[in-house]
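Work through the exercises below with the sequence and the model open side by side. Each task is followed by a solution in steps.

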Amino acid sequence: MRRTTRYPVSGPNSLWHIYKTVPFLKVIKNFIVIQLARYTPFLGLKNWMYRKLLKMTVGKETSFALMVMVDIMYPEKIKVGKNTVIGYNSTILAHEYLIEEYRLGEIVIGDEVMIGANTTILPGVEIGDKAVVSAGTLVHKDVPAGSFVGGNPMQIIYSAEEMQKRRQNSSIYIVEE
């Protein structure tokens, strides 16, 4: 179950109420920062922009690939652990505007997580440490630590225990000449 807070609206759909829920100038500033960060090839600068200008929590040595789109309205609700990779063109949402309500929820991505390209992460989910999310996955619920998940809808492909066995059985030997 995703952990979101629900805010009902009346009248037009909730997106019409956007500037009652988030200041217009905040959205403009976030848009500019996010667009600059999406294209910068400098990972340290990108992480600094996320931490200092968007108030995200970003762990040491985390890598956001080219074109990653973080939440434009509530980036401060995104927490990413250390040494994590967020793949190309992925989207991380801390909000969802629906017809009769909008929802907000924190995103917590653990340490040493690998998120494949073109993944969408919905509000209110937690991705555990050392998890692997396959490319193109819709993360609509929590991902257990150490597991390998993928698909739409997301499913557990390998549990943490199965992943550990696979790692042990696939030792790679490098021979120097």
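The exercises that follow concern a predicted model.

**Exercise 1.** Determine how helix α2 (residues 24-39) and helix α3 (residues 43-54) are oriented to each other, and list the residues in their contact.

Solution. 
- Step 1: The axes of α2 and α3 come within 9 Å and cross at roughly 170°.
- Step 2: Angles over 145 degrees count as roughly antiparallel, and α2 and α3 are therefore roughly antiparallel to each other.
- Step 3: On the α2 side, the contact is made by K29, N30, V33, I34, L36, A37 and R38. On the α3 side, K46, M49, Y50, L53 and L54 take part.
- Step 4: Sorted by class, the contact has eight nonpolar residues, one polar residue and three charged residues.

**Exercise 2.** Find the residues that make the nonpolar surface patch, and state which element gives the most to the patch.

Solution. 
- Step 1: The patch is made by Y19, F24, L25, I28, F31, I32 and L36, and has an area of about 730 Å².
- Step 2: Helix α2 gives the most, with six residues.
- Step 3: L36 is found in α2. L36 belongs to the patch and is also one of the residues of α2 in the contact with α3.

**Exercise 3.** State how many salt bridges the structure holds, then explain what the pair R2 and E96 ties together.

Solution. 
- Step 1: There are nine salt bridges in the structure.
- Step 2: R2 lies in the segment before β1 (5-8), while E96 is in strand β8 (residues 95-97), so the pair links parts that are 94 residues apart in sequence.

Note on methods. Residues numbered from 1 in each chain as written. Predicted model: local features only at pLDDT ≥ 70, side-chain atom pairs only at ≥ 80, totals over all residues. Heavy atoms only, no water. Axes fitted to C-alpha atoms, helices over the stretch in contact; angles between N-to-C directions. Helix = DSSP H or I, 4+ residues; strand = E, 2+ residues; numbered from the N terminus. Parallel < 35°, antiparallel > 145°, perpendicular 65-115°, else oblique. Contact = heavy atoms within 4.5 Å. Nonpolar A, V, L, I, M, F, W, Y, C, P; charged D, E, K, R; others polar. Patch = residues over 30% accessible without salt bridge, like charges linked within 9 Å, V, L, I, M, F, W, Y side chains within 5 Å. Areas by Shrake-Rupley, 256 points an atom, 1.4 Å probe, with all protein chains shown as cover. Salt bridge = Lys/Arg side-chain N within 4 Å of Asp/Glu carboxyl O.
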